[in-house]
Each structure stands twice: as structure tokens, then as C-alpha cells.
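Visitor: I've just started learning about proteins. Could you walk me through this one?

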Amino acid sequence: MPIQFRFHPEKAIEAAAVFLKLHDRPMKYLGLLKMLYIADRIALKRIEQPITGDRYVSMNYGPVLSGVYDLIKGNPIDNALPLWSKFITRPEQNEHLVSLLNDPGNADLCEEEEEIIQEVYQAFGDLDPFLVAEWTHDLPEWQDPHGSAIPIAVEDILKNVGKSDEEIGEIQQLAIREAYLDGVLMGNSDEKIAEVQQSAIREAYLDEVLNG
């Protein structure tokens with residue numbers, strides 16, 4: 001079962017807002033997308049879960065957070081567009097930029113996540129976004145899509161940041177438990193919750209068999 005964390009639009013908005021506040025002016029959305037990906041990648045290494053929970057794809061200019069990219073373009077994702085549009089916008093005079101309309105605060109970000117975002121901005125925030133994109137081409141999980149988009153598996157990122165198979169298995173279980181709890185808290189049907197629960201049980205059983 002591939003690892004997939006739940007997309008947290010609130011955290012994605014808060015993370016994007018921190019970058020924009022640090023930048024203190026409108027930012028090219030290419031640069032924002034690159035830094036959000038790098039921040040998620042570092043979070044996977046340090047705290048074994050991403051900040052945004054978004055899906056990742058290889059595009060021409062490097063890895064991209066698929067959901068955030070759609071929100072920037074004005075495409076609805078999981079009913080998140082109205083919330084995104086309340087805080088972040090693309091100026092009509094330059095659609096390559098994004099700017100902060102209102103400050104969403106940082107209530108959903110933990111201290112370590114904020115530290116990661118600040119570190120990423122310090123390293124990349126003042127660079128030309130195209131140079132940052134070229135830098136991300138050297139990340140081993142990126143593949144040249146030749147104008148298309150290729151999904152990037154969370155497992156590949158975890159391997160590339162040095163996680164062992166055992167650690168990746170534990171992170172997978174964490175993602176499954178998060179999905180189950182989200183189902184309970186967000187009022188999913190009993191049938192769907194049972195399906196996720198059974199999946200978690202099967203994964204735990206297989207881990208026990210394979211690992212002795």
C-alpha cells in the first residue's frame with residue numbers, strides 16, 4: 001500500500017504564508033512551490049511526516065506539490081479553494097506572482113515545522129526561482145517528465161533522505177493510522193472507516209510475518 005498522507009490545506013496555507021511574510025513582497029509562485037516541496041522533504045527526514053501532506057509530481061521545473069499548484073491556478077481541491085483564496089492571491093497584473101491577502105496565523109504549524117520553513121527561506125528565498133528549480137533537478141526522486149507530470153512516491157523521497165526499510169514501514173503505519181483517525185473525526189461512513197481499519201490490520205499482520 002503506497003504511503004499517502006492526508007492533504008492539510010490549512011497547514012499548506014500557513015506554510016505558504018510564512019514564506020510570503022519572510023519575503024515581504026509578492027513572490028513568483030515557482031519559487032513558492034519549490035520551497036514548499038523542499039520544506040516537506042526536510043520534514044519527512046526530520047519528523048517523518050510532511051508539513052502539507054500534498055501529493056508530489058515531477059514537472060519540467062522540478063518537483064511540485066500538486067494540490068497547492070492547483071490552488072494557485074484557481075482549481076478546486078477538496079473544497080480548499082475558498083480558504084486558500086481568502087489568504088493568498090495572484091495579482092491580475094502579473095499571474096506569475098502570489099501575494100498574501102490576509103495572515104492566516106500559524107496555529108496548525110508546530111515549532112519544528114516553522115523552523116524548517118525559515119531555514120528553507122534563508123537558503124533559497126533570495127535566489128532566482130529558476131536556479132532553485134535547477135537545483136531540485138539534482139534530487140534523485142525527480143524524473144524529467146518531458147512536458148508531462150510523473151507522480152513522486154513518498155517512499156522514494158524517504159529512501160533518498162536516508163530512511164531504512166523498517167523506518168519507512170513505520171511511517172506507512174503512521175499514515176494509515178492518520179487516515180483512520182481522520183475518517184472518524186471527519187464523519188466518514190462506518191463502511192469506509194472499517195475498510196481503512198482492515199487495511200491497517202492487514203499491513204500490521206504482513207509486517208509481523210515478514211519481519212518475524
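Visitor: Is Y69 buried or exposed?
Guide: This is a predicted model, where local features need pLDDT of at least 70, side-chain atom pairs count only at pLDDT 80 or more, and totals for chains, interfaces and linings use all residues. Residues are numbered from 1 along each chain as its sequence is written, and side-chain values use heavy atoms, leaving out hydrogens and water. We call a residue buried under 20% relative accessible area, exposed over 50% and partly exposed in between, with a 1.4 Å probe and protein chains only. Y69 has a relative accessible area of 18%, so the word for Y69 is buried.

Visitor: Which residues does Y69 touch, not counting those up to four places away in sequence?
Guide: Y69 sits in helix 3, residues 66-72 (helices are DSSP runs of H or I, at least four residues; strands are E runs, at least two; both are numbered from the N terminus). Contact means heavy atoms within 4.5 Å. Y29 is 40 residues away along the chain, yet its C-alpha atom is 8.6 Å from that of Y69. The residues touched are Y29, L33, M59 and V64.

Visitor: What is the order of the strands in the open sheet of three?
Guide: Two strands pair if DSSP finds at least two bridges between them. Strand 2 (residues 56-59) and strand 6 pair in the antiparallel sense over three bridges, with V57 opposite P151. The sheet's pairing is antiparallel and its order is 3-2-6.

Visitor: Which residues have the most contacts inside the largest nonpolar core?
Guide: A nonpolar core is a set of buried Ala, Val, Leu, Ile, Met, Phe, Trp, Tyr and Cys residues joined through side-chain atoms within 4.5 Å. The largest one here has 53 residues, and those with the most contacts inside it are F19 and V68.

Visitor: Why do the buried residues of helix 5 line one face of the helix?
Guide: Helix 5 (residues 111-124) has buried residues including I116, I117, V120 and F124, whereas E111 and Q122 on the other side are exposed. Helix 1 (9-23) and helix 6 (129-136) are among the elements covering the buried ones. The arc uses the directions from the helix axis to the C-beta atoms. Seen down the axis, the buried residues of helix 5 line one face because they fall within an arc of 155°.
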